[in-house]
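Have a look at the sequence and the fold, then read on.

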Amino acid sequence: MGLPHLLEALERDANGEIARLLAAAETEATRITTESSAAVAERRRMAADESDRHRQSEVERALTIARRAARRATLDARQRLLDRVFAAVAGQLPAALQLPAYQQSLSAALERALAAVGAGPLVIQCTPALLPLLERLRKPDEVTIVADANIGNGFVVRVPDGTLEVLDTLEERLERQRPQLTRRVIAQLGIDR
């Protein structure tokens, strides 16, 4: 084997080695590219998922805020309606003093108030419309009746020094009954949501 054959053989072996190394390099490059593409795709998917979760969270937050605002607006509207209803009722209280049912219950209400305050000198302050009715009722001698337009629609029994009093006005009765009446009004109007 001569030198040219040897050089030819070495060149063939070198070309074969080069071809093998190029093929291995191309395979490795393809593997790295595939892995890199997969990693980039996974990162994109994770970023998209995070973005979706963030958007979903923002949507839920916005819905919660909107629901609360709607609920508050509903409650405010309901409260304004109830305030108008109770204002209308309060406007009718002076006329209620003239109703037979109220006038018939006046004697018993006054007796309960006098019993709660006790014996001794007492002052009854009443709305001017009740003065003639209260003066006709039976009461202890030590009781003074005075008309007072600021009392409301009803009367107040007080000891002279003001340390004890019993309030019996229609406004006070209405206020005591307001929670129960509110439930009834809401149920009757169908606004209980």
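Predicted model: local features only at pLDDT ≥ 70, side-chain atom pairs only at ≥ 80, totals over all residues.

Two residues are in contact when they have heavy atoms within 4.5 Å of each other.

Residues are numbered from 1 along each chain as its sequence is written, and side-chain values use heavy atoms, with hydrogens and water left out.

## The nonpolar core

Val157 also turns up in the largest nonpolar core, which has 22 residues. A core here is a set of buried Ala, Val, Leu, Ile, Met, Phe, Trp, Tyr and Cys residues joined through side-chain atoms within 4.5 Å. Buried means under 20% relative accessible area, exposed means over 50%, and partly exposed is in between (1.4 Å probe, protein chains only). Which members touch the most other members? They are Ile124, Leu130, Leu134, Phe155 and Val157.

Two or more residues each come from α1, α2 (100–117), β1 (122–126), α3 (131–136), β2 and β3. Helix α2 gives the largest share, seven residues. Helices (H or I, at least four residues) and strands (E, at least two) are DSSP runs, numbered from the N terminus. As background, nonpolar side chains in soluble globular proteins tend to be buried together.

## Asn153, a polar residue under cover

Asn153 sits in the loop between β2 (143–147) and β3 (154–158). Is Asn153 buried or exposed? With a relative accessible area of 10%, Asn153 is buried.

The side chain of Asn153 makes a polar contact with the side chain of Glu171 at 2.6 Å. Such a contact is a pair of N or O atoms within 3.5 Å; within protein, one must be able to donate a hydrogen and the other to accept it, and residues adjacent in sequence count only if both atoms are side-chain atoms. Beyond four places in sequence, the residues that Asn153 touches include Leu93, Pro94, Leu97 and Thr127.

## Salt bridges

A salt bridge puts a side-chain nitrogen of Lys or Arg within 4 Å of a carboxyl oxygen of Asp or Glu. The count comes to 13. One of them joins Arg55 and Asp52 (2.4 Å, N to O). These two are three residues apart in helix α1, so about one helical turn separates them. Arg55 is partly exposed at 47%, and so is Asp52 at 40%.

Glu165 is partly exposed at 39%, as is Arg158 at 24%. Arg173 bridges to Asp168, with the closest N and O atoms 2.8 Å apart. Here Arg173 is partly exposed at 24%, whereas Asp168 is buried at 9%. Shared partners also link Glu28, Arg31 and Glu35 into one network.

Leu6 belongs to helix α1 (residues 3–96) and is partly exposed, at 43% relative accessibility.
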